[in-house]
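Welcome! Here is a short briefing to read alongside the sequence and the model.

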Amino acid sequence: MQRLKYRHRGIMEILNKVYDPKDIEKKWSQRWEDAQCFCAKFNHKPAFSILMPPPNVTGILHMGHTLNNVTQDILCRWARIQGKEVLWIPGTDHAGIATQSKVEKELNKEGLFAKTLGREAFIRRAQEWRNKHGHIIYDQLKSLGVSCDWSRATYTLDPQYSRGVLTAFVRLYESGYIYKGKRLVHWCPVSQTALSDEEVIMKIIPGKLYTFLYKIVEKEDTFIPIATTRPETIMGDVAVAVHPEDPRYQHLVGLHCQCPFADRTIPIIADKAVEKDFGTGALKITPAHSSIDFEVGKRHELPLINIFNPDATLNEQGAPFQGMDRFRAREAVVEALKSKGLLQKIEDYEHSVGHSERSHVPVEPYLSEQWFLRYPKVKEAQQCVEEGFIDFWPKRWIKTYQHWLNNIQDWCISRQLWWGHRIPVWYHKKDPQNMHVSVEGPQDPENWNQDPDVLDTWFSAWLWPFCTAGWPNKEAFKTNYFDRFFPSHTLVSGPDILFFWITRMIIASLEFLEDRPMSQRIPFQNIYLTGIVRDSIGHKMSKSLGNSPDPIDLIHTYGTDGVRIGLLSIAPQGQDIRFDAHFLTQGRNFCTKLWNACRFRQMQNECILHANLQDFIMALDQRPLSLYDQHLLVRLHSTLQTFETYLKTFEFNAAIKLVQQFFKNEFCDWYLEVLKYAREQTIGNPLAVQDLCLRQVLIMLSPFAPFIAEELWEQLQFGKGFIHEAGWDLTPLQNFIHTSCSQNLEQIETIEILRGVVGALRSLKAECKLSAHKQITLYACLRETCTETFKQHWKLIQRLAGLQSIEYCDASSFPIASVATITTSWGTFALLTEQSIHNSHDERQRIQKDIRVLSAHIASAELKLSNENFINHAPQKIIEGVKNLLKDNLRKREDLQKLLK
């Protein structure tokens, strides 16, 4: 067998003393791009694909984008390491209302207005703006290190994509799913367009609750009190509703009230939608201006009276307040009610009011003629999740998904904007009832007027999974390898758009890819929903609120890898995140520690080029391994297996913590320290062990911190190509460890216990703020079965834990008045110094608290082991783990109880 020789350090360049990420990031970004590392190719590798949720073309990178795209990048880089061909399609959304608002503001600065400019000229200006600003977020994403196939970047107003959007509209119209009707919608009085639910932000604001009296027509001098937050809508009232079981008003149902500002009467009706405990228990019903009232109106066949103009001023139905703004009208109505003697009281009242995300004004529930979509394939959308074709991570979101589908409402898909996909409907100039619906339009366009509205931005976004491949052009499907990469593996998104985008994409794919089996019609196999990034007081971070740091500034301060590691380390699966830059500091510090460890390795001896894992194993096999070597290799293999499991189950937070823990605690703070302070006891094969461990740490780390991993991979000559070409086959390592270490498992377990004891003593010193230079005595109350083993390792424990001397004692002579005590599987230890100030009473209380905690763990374990269901169904490994933990905790509790005696 060929021998791999380590040479003394010579021509190899040593890493810089100081880790500086800036040059490294620039270098590798260019190298990856030049080598087209991330461009998907047609080959025989297993396929893996991801679709980037397209950020708004107006957008800039924020913390939500950062978390979302780093998570996707981890999945893609991990897939490449596993030997898969990865397609990650990036893109941007034209963002109808957001872009139109931006462009209008730019025009206003020039003294221009959209309406005077005209539609065609405005669209040209919007296109110019997009061409100038639309790729800013791409550049920012590249600085984040995302490994997209930028050659496949898609924009939702690209010609081919637009054709797909219009084709979808026409097909749904022809199938009877799209219709035009007059319905209640969210209306923005500033933009004067319908809004989607996602564009409405609910805010708790201070307001007033007005109680006024409605005169009952059939009963002289009899009134019914009404409480409302919106007295300006009284002119649109068509009924007064009470709960059918409310004894206060049952005798009034069927009678009528006199509208105070119009010559008409309205009925008193009974409906269960009324909350008996709100206000007076009687509700004014204004179906044209309240979603709840609209449903009540449908049930009772009430008329609809719209009192508002599109700009939220009152129209002729709002007389005598016609022309007033809605808030000025509110004041005027209250004054008028007061003058008529009908105003009973005004109370302060906080309530939730929907606001336009863009114009920041309260939206109006507004009766408007719009285009609506009746959803197809709803049952199939439920079925594909129920039958396991699509998995949710975390699983709890399945219930939310199914609940929404069970209560799905028709979708208002039209917007009164100019920027976007114009609705492909034309009305004949002589007969507007005669409609033409097609992608190309009528052959005699001079005789037709096209519908002025555009489609909701989400209508183009829900086609993202297949329009990015050129749908409905089947030839484009072939060119873009659609069948190879569809369905995609995982969609990473935020839970706030589960309804608006994710569920709709599932429905669209099921509808428009009908010629395929269910497994090939779903858009993605997994849905991973990240948490929401929040500030220190729990508010969602956003640019508009001004509470989000600029990720680019963070990258300049902490380095891209530091930001990525820090952010993922505080992002447990699906949980919201309280952002704290302190964790980014920890991420940067981890990178520095890794850099220094690799530099330390270079300074010991020159690294030789290893082509593959087999070369590392060959190097390991050339010299006998010490027990410390074997222990670290066993722990490495266990870490690699757990890491793989974590990534399979989308536990990214646990995965990065696992890598950090192994590298810091087991490699640096244990193994390297053992090498430094006890080299004569650990001759073994330390260079080969270090190389293998560092290699595997870099591979695990590379999806999370790609720049530093790639740089160190090259500098230490751990492979011939890029790090993602290294592969992930643990079998050779597993076989080597089994052959080399299996006969020493008991001694290896002893080393693990020894490491735990040293770590516990170090932690105890740190907790007590004891310096390593203090004259510290360790008192040890050891178990009989562990005494000899402990004494064999005392010198190493003494040096690694920074202790001065040791006193062996039994429970009766153990010093309760110690600085602190700790119990391990080898026994109980106490630290004493000359300045020991803790009295025995304090320490007794602490020991009693530890006993209570152990007792709770013991009771929990005993309960599990007495549960037949657990014994019969849990894996044997889990059962054995519970038994071993119970046994260990019983021993620890016994030791502590002896101390108290």
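**A residue to start from**

Strand E15, covering residues 391-393, is where Phe-392 is found; helices (H or I, at least four residues) and strands (E, at least two) are DSSP runs, numbered from the N terminus. Please keep in mind that this is a predicted model, in which local features need pLDDT of at least 70 and side-chain atom pairs count only at pLDDT 80 or more, while totals for chains, interfaces and linings use all residues. Residues are numbered from 1 along each chain as its sequence is written, and side-chain values use heavy atoms, with hydrogens and water left out.

**Around Phe-392**

- Phe-392 counts as buried because its relative accessibility is 0%; buried means under 20% relative accessible area, exposed over 50%, and partly exposed in between (1.4 Å probe, protein chains only).
- Beyond its neighbours within four places in sequence, Phe-392 is in contact (heavy atoms within 4.5 Å) with Val-385, Trp-397, Ile-398, Tyr-401, Leu-498, Ile-527 and Leu-529.
- Phe-392 and Thr-490 are 98 residues apart in sequence, and their C-alpha atoms are 9.7 Å apart in space.

**Nonpolar cores**

- A nonpolar core is a set of buried Ala, Val, Leu, Ile, Met, Phe, Trp, Tyr and Cys residues joined through side-chain atoms within 4.5 Å.
- The largest nonpolar core has 133 residues, and Phe-643 and Trp-670 have the most contacts inside it.
- Helix H23 (residues 652-677) gives the largest share of this core, 14 residues.
- Not counting residues up to four places away in sequence, Phe-643 touches Trp-78, Ala-655, Leu-658, Val-659, Met-700, Phe-704 and Trp-728.
- A second, separate core has 65 residues, including Tyr-161, Trp-371, Leu-405 and Ala-461.

**The second largest pocket**

- On a 1 Å grid over the protein atoms alone, a pocket is an open set of points with protein on both sides within 12 Å along at least five of seven lines, a cavity is a set where a 1.4 Å probe fits but cannot get out, and lining residues have an atom within 4 Å of a point.
- The second largest pocket has a volume of about 1200 Å³; grid points are joined across faces, edges and corners, and a volume is the space filled by probe spheres set on the points.
- Of the 35 residues lining this pocket, Glu-749, Ile-753, Ser-825, Asp-888 and Lys-892 lie nearest its centre.
- Helix H32 supplies the largest share of the pocket lining, nine residues.
- The pocket lining divides into 13 nonpolar, 11 polar and 11 charged residues; Ala, Val, Leu, Ile, Met, Phe, Trp, Tyr, Cys and Pro count as nonpolar, Asp, Glu, Lys and Arg as charged, and the others, Gly among them, as polar.

**Cavities**

- The structure holds four cavities of 30 Å³ or more.
- The largest cavity contains about 120 Å³ of space.
- Its lining has 15 residues, of which Leu-87, Ile-89, Pro-465, Phe-482 and Phe-485 lie nearest the centre.
- By class, the lining of the largest cavity has 10 nonpolar, four polar and one charged residues, and strand E1 gives the largest share, three residues.
- The second largest cavity has a volume of about 60 Å³, and the residues that line it include Arg-77, Ser-702 and His-724.
- Helix H2 gives the most to the lining of the second largest cavity, with three residues.
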